[in-house]
Amino acid sequence: MNENEKKQERSVRLMIYYYVIAISIVLLINWFLFPALTGTKVVEAEYSQFLQQIDDNQVSMVEIQNDHISYITDIDGSVSYYRTDFTDDPELLQVLKSQNVEFGQVGRRKPDYFVSIIICYILPISIILVDGFRKKNKTKDSELSSADEKSGMSKIHVTTTSKTTFDDVAGQDEAKESLTEIVDYLSNPEKYAEIGAKCPKGILLVGPPGTGKTLLAKAVAGEANVPFFASSGSEFVEMYVGRGAARVRELFEKAKKKAPCIVFIDEIDTVGKKRNSSLNSNEEREQTLNQLLTEMDGFEDNKGVLILAATNRPETLDAALLRPGRFDRQVRVELPDMEGRISILKVHAKDYKMEENIDYNLIARATSGASGAQLANIVNEGALRAVRMGRAKVSHADLEESIEVVIAGEQKKNAILSLQEKKIVSYHEIGHAILAAKQTNSAPVHKITIIPRTSGALGYTMQVETRDKSLLTKTDAMNKIATYCGGRAAEELVFGEYTTGASNDIEQATKIARAMVTKYGMTDKFDMMALETGGSQYLGGDSQLSCSPETAQLVDRESLSIIKEAHAKAAKILKDNEKKLHELADYLFEKETITGEQFMEILQA
Ligand code: ADP
Ligand code: MG
Ligand code: ZN
C-alpha cells in the first residue's frame with residue numbers, strides 16, 4: 001500500500017512538471033509567433049516623417065483616407081507599413097505625383113485575431129490537456145511500453161486493453177473452466193493466499209492448430225484485466241539472433257515489476273524443443289531455453305507472474321519444461337465436438353449479415369473434425385460467396401458451398417471435362433455413394449457433385465455423420481475402406497479400365513488399413529502390439545514403424561489383404577446394384593450436382 005501511495009505521489013508530481021513545462025513552451029513560442037500571425041506591425045509616423053520619406057523616394061504606395069494616410073515604404077525590398085494622421089495639405093498631391101508614388105489600396109493584411117488565437121493558444125493547450133489526460137489514464141503499462149521501445153523490444157507487446165473475452169471463445173468449456181480459476185486468482189490473490197494455495201506458475205495450452213489457443217490466452221488477459229506480455233517463441237530464436245537468453249531475462253524482469261501479470265509465449269515448441277546431445281544442436285535455442293527454465297524457477301518469491309504458453313507439439317517439448325514448478329498444468333484445447341462447432345459457427349456468424357433460416361446444425365454435422373479456425377474460415381468464405389453472387393446476406397447454400405471450398409478446394413468453373421471423362425466421374429462418385437448407402441452404419445450421403453474443384457478432385461461425394469463419433473469400430477473402418485474402393489470398383493465394373501481418378505481414395509484407404517494393423521490392434525496376427533512410434537499427436541505426420549524388417553513385410557501384407565477384402569466387398573455390392581448404378585450415374589451425369597435425398601429416392605425406388 002505504502003509503495004503504491006509513493007508511486008501515485010510521484011506520478012502526480014510528474015504530471016505537474018509536464019503541464020508547467022508544456023505551457024511555458026507554448027507561451028515562449030507565442031511571444032514570437034503571435035505578432036507574426038496577427039499581421040505586420042504598423043508604425044505610427046509623424047506627418048513630417050512621411051514627407052521626408054517621400055523626399056527620400058522610399059514610399060512606394062499611398063492610400064489616402066478620411067482622417068489618415070496609410071502608406072508602404074520599400075527600402076531595398078524590405079517592406080514596412082506606416083500610418084500617419086491626415087492634415088489637410090494641398091501640396092501633397094503634387095509632391096506625390098512628382099515622386100511617382102502609386103496610389104492604391106495599401107493591402108495590409110487585416111489581422112485575424114480569431115484564427116490566431118485558436119492556432120496559438122487554444123490548439124496547443126488542448127493538445128497538452130488531452131495528451132496529459134491520456135498519459136495519466138494509461139496505467140502502469142505506458143511506462144512499460146515506452147521502456148520496451150527504448151530497448152528495441154517492440155516485438156514484445158503489452159496489452160491490457162485486450163477486448164477478447166471468454167465469450168469470444170466458443171466451445172472449449174473445459175479449457176475455459178480451468179482458466180477461469182486462473183483469472184480469479186489474478187483478480188483476488190489474497191483469497192488464495194489466505195488458505196495458502198499457490199497459483200500454478202505455468203500453464204501450457206495444448207492442442208491442434210486452429211483450435212483457439214492463442215485466442216484463449218488473449219481472452220484470459222481480457223478477463224483478468226492485468227498486464228499481459230505477449231511474445232512468440234519464434235521471436236526469441238529468430239528475431240534476436242544471439243540475444244535470445246538476454247531477451248528472456250529482460251522480459252521476465254519487466255514482468256516481475258508488474259506482478260500480478262501474465263506472460264504469454266505462443267508456439268513455445270520453437271524454444272522448448274528437447275535438448276539433445278547430437279552434434280548439430282542449436283546452441284542459441286538451448287541457451288534461450290535454459291534461461292527460460294532459470295527464470296521460471298527464479299520467481300518463487302515473486303508471486304503473481306503467470307506464464308501461459310501454447311503449443312501444438314507437446315511431444316517435442318523438453319521434459320524439464322514440463323516438470324512440476326514449471327509448466328505443471330496442461331490445458332487441453334481439443335478439436336470442437338458437434339455442439340462446439342455449432343457455437344463456434346454462431347459466434348462468427350455474429351460478425352456477418354446472415355439470413356434467418358440457416359441450419360447451423362447441418363453445417364456442424366458436415367464439418368466433423370474441422371478446427372475453430374477452419375469454421376471461422378467457412379463462415380468467411382460463405383460471406384465472400386454471397387458478395388460474389390451479389391447478395392446482401394449470407395445464405396445457407398453459401399455456407400454449404402464454402403465447406404467444400406475449405407475442405408475440398410473451390411469449384412473450378414472453367415475446367416472442361418470431356419463427355420467421356422464426365423461419364424467416368426459420374427460412375428466413380430455414384431460408386432462411392434452406393435457403397436456408403438448400402439453398408440449399415442456409414443454416414444449418409446449428403447450431396448454428390450461432378451463439378452471439378454481447384455484442389456484437383458473431379459467430383460465429390462459428401463457424407464455427413466448423423467452424430468459425432470469418437471470411437472471407430474473395426475466394422476466402421478472396414479466400411480470406410482470399402483467406400484473409398486467404391487469409386488474404382490464402379491469404373492472397373494462399367495468400363496473395365498483403370499483411371500488416375502482414384503489416387504486420393506487409394507491414399508486414404510491405405511492410411512486407414514495401415515492404422516488398423518499398426519496402431520489399433522485390429523488384426524489377429526499382431527493382437528495388441530503397437531508397431532509404430534512417433535508422429536505428432538496433433539499434426540499427424542511421420543510416424544515410424546518400430547519393428548523388425550520381417551514384421552514390416554508382414555504389416556504390408558496384412559494391410560494389403562484388408563484393402564483387397566474391402567475392394568472385393570465394394571465390387572460385390574456394386575454388382576448386386578448394377579441397375580441402380582447405371583440409373584444414378586445417368587442422373588448425376590445430367591444434373592451434375594444432386595442431393596442426398598434425390599440420391600436415396602432413386603436408389604430406393
Ligand atoms: P491456435 O492458436 O490454437 O492455432 P488461434 O487461437 O490462432 O488457434 O485461432 C485462430 C482463429 O480461429 C481465431 O482467431 C478464431 O477466429 C478462430 N477460432 C479458433 N477456435 C475458436 C473457438 N473455440 N471459438 C471461436 N473462434 C475460434
Ligand atoms: Mg496460435
Ligand atoms: Zn473417389
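Donors are taken here as N, O and S atoms within 2.8 Å of the metal, and because water is not among the atoms, a site may look incomplete. In the predicted model, the donors of the zinc ion (ligand 3) follow the spacing H-x3-H-x72-D along the chain. Of these residues, H432 belongs to helix α18 (residues 419-438) and D505 to helix α20 (residues 503-518), so that the pair ties together parts lying 73 residues apart in sequence.

The zinc ion (ligand 3) is coordinated by NE2 of H428, by NE2 of H432 and, through two entries for OD, by D505, at 2.0 to 2.8 Å. The four donor atoms subtend angles of 51 to 144 degrees around the zinc ion (ligand 3), which makes the arrangement irregular; a tetrahedral assignment would require all angles to lie between 85 and 135 degrees. With regard to accessibility, H432 is buried, its relative accessible area being 7%, and D505 likewise counts as buried, at 10% relative accessibility.

The site is set within a protein chain of 605 residues, 43% of which are buried, and the secondary structure of this chain comprises 23 helices and 16 strands. Among the contacts in the protein chain between residues at least 6 apart in sequence, 74% join residues that are at least 24 apart. The accessible surface of the protein chain amounts to about 33,700 Å², with carbon and sulfur atoms contributing 53% of that area.

Notes
Residues are numbered from 1 along each chain as its sequence is written. Chains are lettered from A and ligands numbered from 1 in the order in which they are written. This is a predicted model: local features need pLDDT of at least 70, side-chain atom pairs count only at pLDDT 80 or more; totals for chains, interfaces and linings use all residues. Side-chain values use heavy atoms; hydrogens and water are left out. Helices (H or I, at least four residues) and strands (E, at least two) are DSSP runs, numbered from the N terminus. Buried means under 20% relative accessible area, exposed over 50%, partly exposed in between (1.4 Å probe, protein chains only). Contact means heavy atoms within 4.5 Å. Accessible areas come from the Shrake-Rupley method with a 1.4 Å probe; for residues, only the protein chains shown count as cover. Donors are N, O and S atoms within 2.8 Å of the metal (3.2 Å for Na, K and Ca); water is not among the atoms, so sites may look incomplete. Four donors count as tetrahedral if all angles lie between 85 and 135 degrees; four count as square planar and six as octahedral if opposite donors are over 155 degrees apart and all others between 65 and 115; anything else is irregular.
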